[in-house]
Amino acid sequence: MSEPSKVQVKTVAELAEQPEEYRIAVGKLVISHAINELYGAQVFDEPAVALAPTPYAKWLTCRVAMEEYGHHCHFFKLGREMGIPEEKMIPGKTEKRPLSIFEHKLETWEEFVTIKLLGDLAEILQVEDLLHCTFHPLRNLARQTMPEERFHAQFGIDFGQELVKTPEGKARLQEAVNRIFPSLPAFFGAAKSRNNEIFRKWGIKLRTNEEMRADYLKRAAEVVAKLGLTLPKVAQAA
Amino acid sequence: MTGGVAAGSGAFDALADFARQQSELAWFAAVGEALTDGERAEGLDYAKALGFTDAAIGMVADWPAAERATRGAGYEAWWSAENAERTALLETATRMFGRHPVMTALTHVTEAVSTVVLGAASVAAARSGVADVALARVAAGAATEAAYHAGLARIAGAGAHHPFAVKFRLFAGGRWPLGITGGILHLF
């Protein structure tokens with residue numbers, strides 16, 4: 001049996017030789033990313049095309065939607081290679097409940113900009129934590145998708161900067177931040193999570209949920225401060 | 001629905017061929033070049049087919065001008081006209097074959113086009129001395145939408161004169177139609 005601190009799994013084939021705890025833990029992460037990437041594309045990016053204020057924004061949103069969908073496809077493909085049933089990786093077919101953020105019905109362009117600004121920042125932190133993952137196919141996928149994730153967050157910053165140029169736009173964006181942000185810290189999972197303990201034991205992830213959430217709150221506050229906005233107070237624990 | 005799909009297998013085969021062709025097109029290869037008479041005529045046909053019977057063609061000369069045009073205001077009427085066409089075609093196609101098979105086939109088209117257009121737009125912009133990852137993505141998004149629209153028109157049985165078919169021909173010839181505002185079709 002592999003020693004948790006030394007394990008490095010270079011291929012999907014090698015995964016089959018790992019302890020069940022390792023295989024299940026990696027599978028949970030792949031399923032989670034496959035589902036969340038598709039939820040994001042379906043619940044936010046596709047509806048946002050109709051809310052975009054200009055052709056530039058509309059087509060950029062189209063592209064972002066395709067990139068998010070592409071991320072789903074990458075995780076889905078890896079999951080299939082690992083032997084994960086397809087229905088476990090598709091929203092609507094899986095029994096796994098969506099994150100609360102995905103139950104929000106997108107109604108304004110400002111809400112979408114907020115999702116990119118702060119929601120994709122949360123996604124970046126999750127992907128950053130996989131950049132040194134001991135399961136190399138997942139590590140490589142994280143490295144592959146990271147540049148696009150960063151671009152999506154930059155999309156939020158760029159359109160946020162446009163909105164705050166007018167007092168009315170700034171007020172609408174602040175309202176959207178106030179509505180959207182409270183559901184985002186829960187994205188990092190429960191404190192003292194058993195799953196997270198196993199992820200760290202095997203070097204699949206690096207940080208505790210609490211550490212990631214604290215880092216997220218700090219970075220989110222910095223991002224909105226640059227736009228002259230503030231974050232609403234939220235409960236710290238998920 | 002299964003019977004509908006079986007009856008329309010020729011249409012789905014044709015759409016699969018259309019998806020495969022996406023990597024062979026001259027995406028953005030002619031942007032910035034002088035418009036030919038044929039391209040001007042296609043542009044006017046596209047505008048007329050959408051209901052803009054008095055539209056004129058506005059040549060867009062370079063990538064910065066294309067960005068300014070796409071960031072402008074006043075595109076709502078054009079946008080609504082395209083959306084009305086899209087909605088009507090989707091209803092027709094869904095009635096003929098069922099929503100899931102249609103959307104699955106169109107997803108194959110958008111996947112195919114997405115893999116090639118960002119690179120093509122980036123190269124075309126770079127040739128003009130423009131390195132703008134956001135603008136290249138805007139162009140890629142426009143091309144993907146055009147392929148989706150054209151695929152939808154095909155599966156719904158719309159002919160070669162449908163505005164989405166005409167618009168796609170402009171993209172396939174290396175152009176980028178930027179939209180209609182103020183009675184002008186901005187053509188890059």
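Predicted model: local features only at pLDDT ≥ 70, side-chain atom pairs only at ≥ 80, totals over all residues.
Take a helix axis as a line fitted to C-alpha atoms over the stretch in contact, with angles running from 0 to 180 degrees between N-to-C directions.

In chain A, helix 4 (residues 109-128) and helix 6 (residues 167-180) have axes that come within 8 Å and cross at roughly 60°. That makes helix 4 of chain A and helix 6 of chain A oblique to each other, and the crossing is right-handed. Helix 4 of chain A brings Glu110(A), Glu111(A), Val113(A), Thr114(A), Ile115(A) and Leu118(A) to the contact, while helix 6 of chain A brings Arg172(A), Leu173(A), Ala176(A), Val177(A), Arg179(A) and Ile180(A). Sorted by class, the residues of this contact come out as seven nonpolar, one polar and four charged.

Over in chain B, the pair to look at is helix 6 (residues 99-127) and helix 7 (residues 133-155), whose axes come within 8 Å and cross at roughly 150°. Angles over 145 degrees count as roughly antiparallel, so helix 6 of chain B and helix 7 of chain B are roughly antiparallel to each other. Their crossing is right-handed. The contact includes Val102(B), Met103(B), Leu106(B) and Val109(B) from helix 6 of chain B, and Ala136(B), Ala139(B), Ala140(B) and Ala143(B) are among the residues from helix 7 of chain B. By class, this contact has 16 nonpolar, five polar and one charged residues.

How many of the ten residues of helix 8 of chain B are buried? Eight are, so helix 8 (residues 163-172) of chain B is largely enclosed by the rest of the structure. The buried residues are Pro163(B), Phe164(B), Ala165(B), Val166(B), Lys167(B), Phe168(B), Leu170(B) and Phe171(B). The cover over them includes helix 2 (9-21), helix 3, helix 5 (76-97), helix 7, strand 2 (177-181) and strand 3 (184-187) of chain B.

Helix 3 (residues 37-49) of chain B is also where you'll find Glu39(B). Setting aside residues up to four places away in sequence, Glu39(B) touches Ala34(B), Leu170(B), Gly173(B), Arg175(B) and Leu187(B).

Just after helix 8 of chain B, Gly174(B) takes a positive phi of about 95°. Gly174(B) sits in the loop between helix 8 and strand 2 of chain B. Its C-alpha atom is separated by 4.6 Å from that of Ala30(B), even though the two residues are 144 apart along the chain. Leaving out neighbours within four places in sequence, Gly174(B) is in contact with Ala26(B), Trp27(B), Phe28(B), Ala29(B), Ala30(B) and Val31(B).

**Cysteines and accessibility**

What is the disulfide count over all chains? It comes to zero. Cys73(A), for one, is in no disulfide: the nearest cysteine sulfur, that of Cys62(A), is 16 Å away, whereas a disulfide needs the pair of sulfur atoms within 2.5 Å.

| Residue | Relative accessibility | Class |
|---|---|---|
| Cys73(A) | 25% | partly exposed |
| Cys133(A) | 1% | buried |
| Glu39(B) | 16% | buried |
| Gly174(B) | 0% | buried |

Buried means under 20% relative accessible area, so Glu39(B), at 16%, counts as buried, while Cys73(A), at 25%, counts as partly exposed.

How values were computed. Residues numbered from 1 in each chain as written. Chains lettered and ligands numbered in written order. Heavy atoms only, no water. Buried < 20%, exposed > 50% of the residue type's maximum accessible area, 1.4 Å probe, protein only. Helix = DSSP H or I, 4+ residues; strand = E, 2+ residues; numbered from the N terminus. Parallel < 35°, antiparallel > 145°, perpendicular 65-115°, else oblique. Left-handed = near helix turned anticlockwise from the far one by under 90°. Contact = heavy atoms within 4.5 Å. Nonpolar A, V, L, I, M, F, W, Y, C, P; charged D, E, K, R; others polar.
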